[in-house]
Amino acid sequence: MEKAIQLKVRKDLDPRQQLTVIKLKGSLISRGYTQIIHILDQDEDYHINTFETAAENRSEAQQYIEAFINAENLADTISIK
């Protein structure tokens, strides 16, 4: 069974933050957590990035995202919704 994970991403990012968010999305794909990430507008300040992952990978993917956010100091930029 597939499980969705949602990321809330600020729209107003500096170039370094933009590159780091792209790096996170690319590593989610390259690590096999998903094949595609959907991006929708939440409001004028945030995007919602949604991707499906296998149920057995959900916890591992969330842990990876949380560690990435902490390591890259992105807590004010991106969060798991």
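This is a predicted model: local features need pLDDT of at least 70, side-chain atom pairs count only at pLDDT 80 or more; totals for chains, interfaces and linings use all residues.
**A hairpin, an aromatic cluster and a pocket**

Strands E2 and E3 are joined by a hairpin that passes through 4 residues. E2 covers residues 38-41 and E3 covers residues 46-54; the two strands run antiparallel, with 4 bridges between them. Two of the facing positions can be picked out by eye in the structure. Leu-40 stands opposite Ile-48 of E3, and Asp-41 has His-47, also in E3, as its bridge partner.

Attention turns next to the aromatic rings. A pair of such rings is described by how far apart the centres are and by the angle between the planes. Searching the whole structure gives 2 aromatic pairs. One of them brings together Tyr-33 and Tyr-64, in a tilted arrangement with 6.1 Å from centre to centre and 40° between the planes. Because Tyr-33 belongs to the loop between helix H1 (15-30) and E2, whereas Tyr-64 belongs to helix H2 (residues 58-71), this pair ties together parts that lie 31 residues apart in sequence. Tyr-64 has a relative accessibility of 17% and therefore counts as buried. Tyr-64 also pairs with Phe-68, again in a tilted geometry, with 6.2 Å between the centres and 45° between the planes. Here both partners, Tyr-64 and Phe-68, sit in helix H2, 4 residues apart, which is about one turn of the helix. Phe-68 is buried as well, its relative accessible area being 9%. Taken together, Tyr-33, Tyr-64 and Phe-68 make up one aromatic cluster.

Leaving aside residues up to four places away in sequence, Tyr-33 touches Leu-28, Phe-51, Glu-52, Thr-53, Asn-57, Glu-60, Ala-61 and Tyr-64. For one of these contacts, Ala-61, the separation is 28 residues in sequence but 6.4 Å in space, taken from C-alpha to C-alpha.

Another aromatic residue, Tyr-46, has a charged neighbour: Lys-8 lies over the face of its ring, at 4.4 Å from the ring centre. Lys-8 is also one of the residues touched by Ser-79, along with Gln-6, Leu-7 and Ile-69, when residues up to four places away in sequence are not counted. Ser-79 itself is placed in strand E4 (residues 78-80). With a relative accessible area of 30%, Ser-79 is partly exposed. Between Ser-79 and Ala-4 there are 14 Å in space, C-alpha to C-alpha, and 75 residues in sequence.

The largest pocket has a volume of about 150 Å³. Its lining consists of Val-9, Arg-10, Lys-11, Leu-13, Gln-18, Val-21, Ile-22, Lys-25, Ile-39, His-47 and Asn-49. Strand E1 (2-10), H1 and E3 each provide at least two of the residues in this lining. The greatest contribution to the largest pocket comes from H1, which supplies 4 residues.

Most residues other than glycine have a negative phi. Asn-73 is not a glycine, yet its phi is positive, at about 55°. This residue lies in the loop between H2 and E4.

Note on methods: Residues are numbered from 1 along each chain as its sequence is written. Side-chain values use heavy atoms; hydrogens and water are left out. Two strands pair if DSSP finds at least two bridges between them. Rings of Phe, Tyr and Trp (its six-membered ring) pair if their centres lie within 6.5 Å; planes under 30 degrees apart count as stacked, over 60 as edge-to-face and the rest as tilted. Buried means under 20% relative accessible area, exposed over 50%, partly exposed in between (1.4 Å probe, protein chains only). A charge sits over a ring if NZ of Lys or CZ of Arg is within 6 Å of the ring centre and within 35 degrees of the ring normal. Contact means heavy atoms within 4.5 Å. On a 1 Å grid over the protein atoms alone, a cavity is a set of points where a 1.4 Å probe fits but cannot get out, and a pocket is an open set with protein on both sides within 12 Å along at least five of seven lines; lining residues have an atom within 4 Å of a point. Grid points are joined across faces, edges and corners, and a volume is the space filled by probe spheres set on the points.
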